[in-house]
Amino acid sequence: MKKVGLSFILVAFFMIANAQDVLRISDHSISLQEFKSIFYKNNHNTEITEDYLEEYMNLFVNFKLKVREAKDLGLDTNSSFIAELEGYRKQLARPYLRNNEFDAQMLNDSYSRMKKDIHASHILILVDENASENQAEQAYDRILKIRESIIDGKTTFSEAAKKHSDDKSALSNGGNLGYFTVFMMVYDFETVAYQTEIGEISMPVRTKYGYHLIKVHDVRDAVGKVKVSHIVFKTGQGADKSRIDVAEEKINKAMELLRNGEEFADVAERFSEDRATAVKGGSLPAFGVGKMVPKFESIAFSLDSIGDLSDPFLTDYGWHIIKLVDKDPVADFSDIESDLKRMIEKDSRAELSQKALYKKLHKSYKVRNIVEEYSSFRRKSALKVANGTFAISSLNNTTLLTIDNMPVSINSFAEYVLTNQSKGSDIDKMYIDFVNEQLLFYEESRLEEKYPEYQALLKEYREGILLFDLTNKKVWTKAVEDTVGLQAFFINNQSSYTWPKRVDATVYTCIDLETAKVVRRNIYKKNRGAITDSDILRKINTEAPLSLQINNNKFAEGENQYIDSIEWKVGISKDIVLKDGSYILVDIHSVLPKGPKELSEARGRVISDYQNTLEAEWLVELKSKYSVSIDVKVLHSLIK
């Protein structure tokens, strides 16, 4: 009993501590909890001392003062602010508008399937996605009879595929799809394939293409990906025996060269008839199952060790030899989790995720459909919606449904229909979609209430946008556009913008002594006005590219090591010899004394300093406008 009582007291104390206010700006209080959430986000490993806390609080106060001023100026009511925040709000809401349990299960299932390869055949009876119920039933009955004839032994699966399948490739392959793995087939097909036992024939499965029968021949551990190089002598599909024999003779000669120790890349480059890969030593991009013709794929995956060679083999395309370059097994889940999520987002699985979210929302909230209102609307509008000619007439703004206690008007549904109708639209399906959309809107409107971390994050973005907008107006843009103020600031602080003692000089970097001698002679010509540095550079580098580099500038001490190493007097320096045999010549044109800079020469730094001054003056103004009170005792409670 005492333990329970002590726990209750500690929890109550924690709640009171977190409810304390640490800062007050005029009539607005900021809680310790809000300060903590921002402080700890930016200070993970820093030792917390009184000085550090107070320094951080000073920055926090400055931030809150600017945000308060922005709100008082009504910047949070500007259309541009509202639009920008709405964009961020939708991005931030995305992770919360999901059925996380379903998504996690989908992710795990996808990875489990990725670890297996399925070898299967199929028979397809085409059915349009928008086919009538009668058309779908006829197709289902037809494929069911095909299945029964195979099971009864009247025909084989391969023969039935060649005779009945609407997948025309079945004429040549008997419906055999070879091996495949996750994401290679549409989801419904894939799911049934992974659930069907080896040797069994599935019941008909409906996909966007129609009805399928699936027969599973084998299930193996996934082979992942391989990278190979190949040598090929082409025959072409349907080649006669003579052409095949000629290609075989060539591949056998290539194999003999390899067995005699010649490099695979060399043989491929010299002889392979796939010239696109031959120039790369026969190298092909890495591939997984289902990407190559079955025999090529089978032999590639059968090679065990890096460097292994296949025997010559024939496919419809020609005679091949393969060398194994690399094997890449299925990666660990943690390594590909993010890639899997992206693949799911691009797959039809994403629709299942959305449906799972709607199902979750229907369980979370009470949806009450007002049947008589929908029935009345349906009687008047169903035919027009099916023809794509629905238009909004005078509707009374009555309630069509409620979500918890939130009413949704019949006008809202009418506007939804008007926006989304097309010829053949089903009004009942549109109503289901509309209710789901309204549920999503309702859930989104309650995110701040349901998830404190989302509320805090959205507040950070809201205040961040306000801070940027007002600071841009009061400081950043003003410093650039206020040319009179900038000039006055520059004049008043002229002593901060001066040049140190400098030299106006040209540095010549020569590749060797001979080049340096030629350059020195040409410098004298240049100083007499006979030629320019461009002439010198062009002449030297045309005869021997990259033999000369020229750098002309005004150099202060510490800006160039060669300038620093010589006496600063007008004229050409002695040769400076580098360890790599290069030679440096320096031609000093003039020595420039210390002196003031022009505004144009210091503009970037002046603008930056002016911005800092404007911000400091602005903060003084804000602190005189708003009262600031910090509860130091509460602040110091963060010190452990």
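## Pockets, strands and aromatic rings

The lining of the largest pocket is made up of four nonpolar, five polar and nine charged residues. In that division, Ala, Val, Leu, Ile, Met, Phe, Trp, Tyr, Cys and Pro count as nonpolar, Asp, Glu, Lys and Arg as charged, and the others, Gly among them, as polar. Before we go on, please note that this is a predicted model, in which local features need pLDDT of at least 70 and side-chain atom pairs count only at pLDDT 80 or more, while totals for chains, interfaces and linings use all residues. Residues are numbered from 1 along each chain as its sequence is written, and side-chain values use heavy atoms, with hydrogens and water left out.

Let us stay with the pockets. A pocket here is an open set of points on a 1 Å grid over the protein atoms alone, where a 1.4 Å probe fits, with protein on both sides within 12 Å along at least five of seven lines; lining residues have an atom within 4 Å of a point. Grid points are joined across faces, edges and corners, and a volume is the space filled by probe spheres set on the points. The largest pocket holds about 720 Å³ of space. It is lined by 18 residues, and E129, S348, E351, K355 and K429 are the closest to its centre. Helices and strands are DSSP runs numbered from the N terminus (H or I, at least four residues, for helices; E, at least two, for strands). Three of them, α9 (187-195), α15 (349-364) and α18 (427-445), each supply at least two residues of this lining, and α15 gives the largest share, with five residues.

The second largest pocket has a volume of about 510 Å³. Its lining counts 20 residues, with M114, T181, G224, K225 and M343 nearest the centre. Here the classes come to 12 nonpolar, three polar and five charged residues. Helix α14 (residues 333-346) contributes the largest share, four residues.

Now for the strands, where two strands pair if DSSP finds at least two bridges between them. Strand β3 (residues 116-126) runs antiparallel to strand β6 (residues 210-221) over 11 bridges, and A120 faces V216 in β6. β3 also pairs with strand β4 (residues 176-180), again in the antiparallel sense, over three bridges; there I118 stands opposite F180. Of the 11 residues of β3, nine are buried, meaning under 20% relative accessible area with a 1.4 Å probe and protein chains only. β6 has a further antiparallel partner in strand β5 (residues 205-206), over two bridges. R206 has Y211 as its bridge partner in β6, and a hairpin of three residues joins β5 to β6.

F180 leads us on to the aromatic rings. Rings of Phe, Tyr and Trp (its six-membered ring) pair if their centres lie within 6.5 Å; planes under 30 degrees apart count as stacked, over 60 as edge-to-face and the rest as tilted. By this rule there are 26 aromatic pairs. In one of them, the ring centres of F180 and F189 are 6.3 Å apart and the planes meet at 55 degrees, so the pair is tilted. F180 is buried at a relative accessible area of 1%, and F189 is buried too, at 3%. Elsewhere, Y374, F377, F390, F413, Y416, Y431 and F434 form one aromatic cluster.

Definitions and conventions: Buried means under 20% relative accessible area, exposed over 50%, partly exposed in between (1.4 Å probe, protein chains only).
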